Amino acid sequence: MQFALSVVHLCGYAIVIYVLAKYRPYQTQEETVCQRKDELPEVTLFIAAYNEADIIAEKMANCRALAYPNHKLKILWVIDGSTDHSEVLLQQYPDVQVVSSPLRKGKTAAINHGMGVVHTPIVVFSDANCLLNTDALTIIVQQFNDPSIGCVSGEKELPLPMPIPYRPKARVPIGNMSPY
């Protein structure tokens, strides 16, 4: 009996997926980037950072390369207790808003602190060491044309081969811990 229910369950799932795919086709990235540039809303690109001085120039170059209208893109850096003078480096970008806290309180506190100065309808959060594709903001914003959408997440791709930050020097067995 359990086997029969499992088969019905799996087949039913496959049929539902087939019907959804057939009558509600997936929208490709090319179809998504179709909104006119003058219709795009203002967006804040929110970057919370702690000791990211080494990556600021590269991140700002990435921000400048985004295919989003400059007059509708607000860039906000929230510096959370950095000791590497990140906020001093950001002064060379006059159109960038910088909010800093002298004490490190963590990323959540930094986000809460920075949201007090955001006045755009859409906020895109990005880490300082995360570089965005040129169309990323347009693709994200396009999703909000559907009134049932309240949150959008992007896909993070890591370059290969990835550096391994930690390699144990030796494996030390702890007793007889066989998984079987």
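## Strand pairing

E1 and E4 pair in the parallel sense over six bridges; strands pair if DSSP finds at least two bridges between them. Strands (E, at least two residues) and helices (H or I, at least four residues) are DSSP runs, numbered from the N terminus. Phe46 has Phe125 as its bridge partner in E4.

E4 has two faces. Ile122, Val124 and Ser126 form the covered one. Val123, Phe125 and Asp127 form the uncovered one.

## Model and numbering

This is a predicted model, in which local features need pLDDT of at least 70 and side-chain atom pairs count only at pLDDT 80 or more, while totals for chains, interfaces and linings use all residues. Residues are numbered from 1 along each chain as its sequence is written, and side-chain values use heavy atoms, with hydrogens and water left out.

## Overall layout

The chain has six helices and four strands. Their order along the sequence is α-α-β-α-β-α-β-α-β-α.

Of the 180 residues, 29% are buried (under 20% relative accessible area; exposed is over 50%, partly exposed in between; 1.4 Å probe, protein chains only). Among contacts (heavy atoms within 4.5 Å) with a separation of 6 or more, 72% join residues 24 or more positions apart. The accessible surface is about 13400 Å², with 58% belonging to carbon and sulfur atoms. Areas come from the Shrake-Rupley method with a 1.4 Å probe; for residues, only the protein chains shown count as cover.

## Helix H3

H3 spans residues 56-64, and its buried residues are Ile56, Lys59, Met60, Asn62 and Cys63. Seen down the helix axis, they fall within an arc of 155 degrees, so they line one face of H3. The arc is taken from the directions from the helix axis to the C-beta atoms. Their cover includes strand E1 (43-49), strand E2 (73-80), helix H4 (86-89) and strand E4 (122-127).

## Nonpolar cores

The largest nonpolar core has 27 residues, and Leu45, Ile75 and Trp77 touch the most other members. Such a core is a set of buried Ala, Val, Leu, Ile, Met, Phe, Trp, Tyr and Cys residues joined through side-chain atoms within 4.5 Å. E1, H3, E2, E4 and helix H6 (136-143) each supply at least two residues of this core. Another core lies apart from it; its seven residues include Phe46, Ala48, Val99 and Val118.

Beyond its neighbours within four places in sequence, Ile75 contacts Leu45, Ile47, Met60, Cys63, Arg64, Val96 and Gln97.

## Ala109

Ala109 sits in helix H5 (residues 107-115). Ala109 is partly exposed, at 28% relative accessible area. Its C-alpha atom is 8.4 Å from that of Asp80, 29 residues apart along the chain.
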